[in-house]
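Please read the following points with the sequence and the coordinates open beside them.

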Amino acid sequence: MVFAQLADAFSFCTSPDVRHVRTTADPPMAPEESLKMLKEGNRRFVDGRPLGARTKDAARRQLVDQGQAPHTAIIGCADSRAPLETIFDAMPGDLFVLRNAGNTCTHAEGSMVGSLEFATGKLGSRLILVLGHTNCGAIAGATKTYLEAKVPQKAGSALQGLLQDLGAVAEQAVQEAGPGASADEVTARAVKVNVYHTMSFLLRFSESIRSAVREGTVQIQGGIYNLETGSVDFLGALPTQTELLDSTMAIPPSMVEAGEARGKHGVRTGADSAVPKDVALKMLKAGNERFAAGAPTATQTSGPMRKALVQCGQAPHSAILGCADSRVPVDTVFDAMPGELFVLRNAGNTCTHAEGSMVGSLEFCTGKLGNRLILVLGHTKCGAIAGATQTFQAGGENAPGSALEGLLQGLSSVAKDASEELGPGALQEELAAHTTKVNVFSSMNFLLKYSEPIRELVRKGDLDIQGGIYHLETGRVEFLGRSPQQAELLAAEGTLPPSMALGTVRTTSDGPMAPQAALKLLKVGNERFVVGAPKAGKVHSSMRETLATGQAPHTALVGCADSRVPLETVFDALPGDLFVLRNAGNTCTHAEGSVLGSLEFCTGPLKTRLIFVLGHTSCGAIKGATSTFLSGQKTKAPQALDALLQGLGSVVSDAQKELGKKATEEQVAAHAVKLNVFHTMNFMLKYSEPIRQKVRSGELEIQGGVYDLQTGRVEFLGASPSQAKLVAAEGAVAPSLKSKMQGA
């Protein structure tokens, strides 16, 4: 027996076809030498002259007695057609092999990374090879899942979870393959992308491996095994290796302890010190990486945690201005616990509307709460941005009919900027995608322009404003950095947000406003009033001092005295904008001399170029006149009110004639409101020669409208149908003035 063992040992050591096995007795092998051995071994495999399988008892005993010292650690696919030791014609003890479906670290990354740290640390391996292979079933399945998943489905098994989490690889392969690429072409490219993806994971999430690569003692290489030829295409190092060596993640996402970087109570509270802005940004990046990798660490809050949040208050490390889109749950996207993020959300992550609320909230967070980082977060496939892009391309400049239309119009300027940057010919999808990015910077610039407290903190270096885009398809946030205009905006003088800024009042220093321009102001102002976004603002002392120098109203308004129709409010007007005359029924029937004289003064010395007569629904004066007329009362009108109602009787009579005798009293009154507006307009044209001359020459316009008490909207009626006829006819003296002249 002893002689047989000695013979085996002698044969093992002397046969030229039997290789030496590596043990701890051998010194570490340089990565370049290890790579050379892999290439030579693969060549022998391809040529059909392997040596690795020829082992003897003595070699096996050496491996047991002296321990392993593999020269290379390999992450390969579990595919049975790709046996790694065979492919590289390796001896036992040469390779430290890790295998799973898809040669990936997407799942169980702690096990894979930990095993490689063991190999490169304890065992002395100096080369890591990530090896994919052609016709990989896992990659083909992941590509198919990505291409067919119009609506992402929840994984129903571990395999489905693996394929879905490889979606980022498939997405990148689709982008690189370009439009028109077949599923097979995308899959082939995805094999290479996946190799790089795994190499990247190792560099991002292992400090020990990263450090060894940085020092040059370990190399990470990639390769693809061709099932048809048997040869390995060695890809070299990761193209982005230098950049990834700056990563700060010490361990894979799934292995991060829940309490790490969370705070004294397991959640951040006022008991924790402020987080520096650069650290906060790293926390956001690390949290998003955990979310994207499917390895979140945010746990459910316990009773003591919630109690601490109440008793100690909040101390968020970051403030996020994000979109209200339900697919972008901000806390989840950054794997954050309660107390970590101060989140503001609206459609389009914008400050265009309700900016006072947004800016004020961020001033509170960065001031009172001590937050040092603001992140403005947009996202791909944003509905608000898509709508704004369509609004811009449609050329919509009309007054908004709803708050949503106002929001989209507010964002259309961003779409315009994006369109100018892309140039003519950009597709709708391209424009929307670029607008998302431009909009992020627009919101960042808004903060830098309109908030002095935020500007000052940024200027001093106590606050950072960053931007990012969340990709719905991958779950990853693309961090954009600071606004390119930050330095310029900080150097400029800041102002209040538009909705909070005080308006400019009209005075005699302003020239006359054209009638159509004045009418447009009325329309736009009424829409602001309707959607609840008035801009008239407050009046301060300097504005009042300016107004004291004289007035130059752009419109003269004849309206009803009804308390429910405050004319300046209805048109969101500032003092100095409107010359307002009001009485019950917005009529000239009584005291017409006063009304006409006032309008002649306004359109003469004050140079106003638009007269607007405004009636309103459910008008008490018109209802009373309708009731009086239909009841057939013929009293001598002992009271002024009775005289007013009877004076409006001719308007009611005309309304009844136009509607017919079957019309109800309510229908007659509603129609009389409109006719009364025209009646008042016609009165001016008939009984005021100065007004008639100005209308005839085009210097003045008289328009009418009806204010709807229920909706807040004004129905603009235009000019009187009788205007041309009345302007051409000879004028007359107002009835009340005529009687006075006769009496004299």
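Which order do the strands take in the open sheet of 5 strands?

1. The order in this open sheet of 5 strands is 7-6-8-9-10, with mixed pairing; strands, like helices, are DSSP runs numbered from the N terminus (E, at least two residues, for strands; H or I, at least four residues, for helices), and two strands pair if DSSP finds at least two bridges between them. Strand 7 (341-346) and strand 10 (477-481) each have a single partner strand and stand at the edges, so one side of each is left without a neighbour in the sheet. From one strand to the next the twist averages 25°, where axes are lines fitted to C-alpha atoms, for helices over the stretch in contact, and angles run from 0 to 180 degrees between N-to-C directions.

2. This is a predicted model, in which local features need pLDDT of at least 70 and side-chain atom pairs count only at pLDDT 80 or more, while totals for chains, interfaces and linings use all residues. Residues are numbered from 1 along each chain as its sequence is written, and side-chain values use heavy atoms, with hydrogens and water left out.

3. Strand 9 (residues 464-470) pairs with strand 10 in the antiparallel sense over 4 bridges, and Gly468 has Phe479 in strand 10 as its bridge partner. Helix 18 lies across strand 6 (318-323), strand 8 (373-379), strand 9 and strand 10, and runs at about 160° to strand 9.

4. Thr436 lies in helix 18 (residues 428-450) and is buried, with a relative accessible area of 6%; buried means under 20% relative accessible area, exposed over 50%, and partly exposed in between (1.4 Å probe, protein chains only). Not counting residues up to four places away in sequence, Thr436 touches Gly378, His379, Ile385 and Ile469, contact meaning heavy atoms within 4.5 Å.

5. Strand 13 (residues 610-616) is mostly covered, with 7 of its 7 residues buried. Leu610, Phe612, Leu614 and His616 point one way from strand 13, whereas Ile611, Val613 and Gly615 point the other way. In a regular strand the side chains alternate between the two faces of the sheet.

6. Strand 13 pairs in the parallel sense with strand 11 (residues 555-560) over 4 bridges, and runs parallel to strand 14 (residues 701-707), to which 7 bridges join it. Leu614 is the bridge partner of Gly559 and also stands opposite Gly705 in strand 14.

7. In helix 27 (residues 649-659), the buried residues include Gly649, Val651, Val652, Ser653 and Ala655. Gly660, whose phi is positive, near 100°, follows helix 27.
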